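Let's take a walk through this model, starting with its charged side chains and ending up among the nonpolar ones. Have the structure open as you read.

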Amino acid sequence: MAKYGLVLLLAVLAIALWGILDDSTEPLPPPRSADESEPTPAAPPANATEHSPPSPSAPDDVPEEPPEKPPLGRVVDHAGLPVEGAVVTYDWMTAARFLWPVPGRPGVLPTTDRRGHFRWAGKPPTGIKRWFAVHRDHGIGSTAVGSEGDPPMEIRLRPALRVDVEVFEPDGARPEKLEVSLHSKKRDLWAPSADLPRAHVPEHIRIEGPSLALPGLSGHPFVVWIRAAGYRPRKLEAGDFLPGPGMRHRKVEVILQEGFTISGRVRDADGKPVVNATVHVNDGGRPRYRTEPFWCLHGRTDEKGRFSVGGLADGTFQIRVHARDAKTSAVVATGIRAGTTGLELKLPE
């Protein structure tokens, strides 16, 4: 009996030990058949963070944008506020052309940004002694060029006078075209300081439309001549519409005055009409052309030799005919009263 009791005790201990080992061991996967292959590991999610160090950039990668080119300087108004849209140049003649009523194309020039900064596209020419800045509403300014290493220059604009001229015919209509001539006495019309040379710009211009803008005026004496076809030239002194240097913007209305007309017909020595000839009408005072741009008025003959020159003041005039085809230029009449019509003029043989 003792032998059978010992066997039973060993069997119970074996069963208990088997239960403990069964709870701590992972169950084995079922055996694969011959048709099944090794499972493929799952790919990491797209937004997973890569913990390995990044590879160095390739030479063909997009380069970083270069830093903004430092400005040469900035332009401010008389109160020290930045001026946007000012044109900067080192040539006063170019600056004056920009202020002309019909500005030309001075080339590619630096223009200030909203902070008033300006930059040069390439390297500025050497030997520059002064920079100029102009703005059609804020004025004109200049500054001397400093030495290397100086901080960016600042150009302060001087308040300038601006005059907008509106021209009317006597009946209130507006002329389609104007002829304008500007003359300055001793000084440039737009020079900001007395030590600047005169800018040689054309003084006689033709404007499409009935208005004229004169921006950036320095306030020094000048004369404006305005003429429309068929009307007398109007001479305006600076004092006629500029009350003083304290005025910054002024609008002026000019009413044209009707003039007298001289008309007639031009024939050659054989009595045939002279076609496409220029007829000059003036009072014979040739020295006046230096001070009065419209001292001589012109007309042209048509296919029947007829001409008409209007806009004359009251007085007596001489008539010169310049015929290119006949290679003739001669005075054909003198002492002709303004308002005379139906003239029969003949070229000399």
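Does Asp302 count as buried, partly exposed or exposed? Bear in mind that this is a predicted model. Asp302 comes out as partly exposed, because its relative accessibility is 21% and the buried class stops at under 20%. Its partner is Arg306: the two form a salt bridge, with the closest N and O atoms 3.0 Å apart. Arg306 is partly exposed too, at a relative accessible area of 38%.

That pairing has a simple background. Side chains of opposite charge can pair when their charged atoms come close. There are 15 salt bridges in the structure, so let's look at a few others.

Go to Asp113 and you'll find its side chain meeting that of Arg115 in a salt bridge, 3.8 Å from N to O. Asp113 has a relative accessible area of 21%, which makes it partly exposed, and Arg115 is partly exposed at 37%.

The side chains of Arg267 and Glu344 meet in a salt bridge at 3.5 Å, N to O. Arg267 sits in strand 14 (residues 260-267) and Glu344 in strand 20 (residues 343-346), so the bridge spans parts of the chain that are 77 residues apart. Arg267 is partly exposed, with a relative accessible area of 29%, while Glu344 is exposed at 52%. Some charged residues also join up beyond simple pairs: Arg74, Glu154 and Arg156 are linked in a network of salt bridges.

Time to turn to the nonpolar side. In soluble globular proteins, nonpolar side chains tend to be buried together. Here, the largest nonpolar core has 38 residues, and Trp92 and Trp190 are the ones that touch the most other members. Several elements each supply at least two residues of this core, among them helix 2 (92-99), strand 4 (130-135), strand 7 (161-168), strand 8 (177-184) and strand 13 (249-255).

What does Trp92 touch, leaving aside residues up to four places away in sequence? Its contacts include Trp190, along with Phe132, Ile140, Ala191 and Leu196. Pro192, Pro197, Ala199 and Asp188 are touched by Trp92 as well.

Conventions:
Residues numbered from 1 in each chain as written. Predicted model: local features only at pLDDT ≥ 70, side-chain atom pairs only at ≥ 80, totals over all residues. Heavy atoms only, no water. Salt bridge = Lys/Arg side-chain N within 4 Å of Asp/Glu carboxyl O. Buried < 20%, exposed > 50% of the residue type's maximum accessible area, 1.4 Å probe, protein only. Helix = DSSP H or I, 4+ residues; strand = E, 2+ residues; numbered from the N terminus. Core = buried A, V, L, I, M, F, W, Y, C linked by side-chain atoms within 4.5 Å. Contact = heavy atoms within 4.5 Å.
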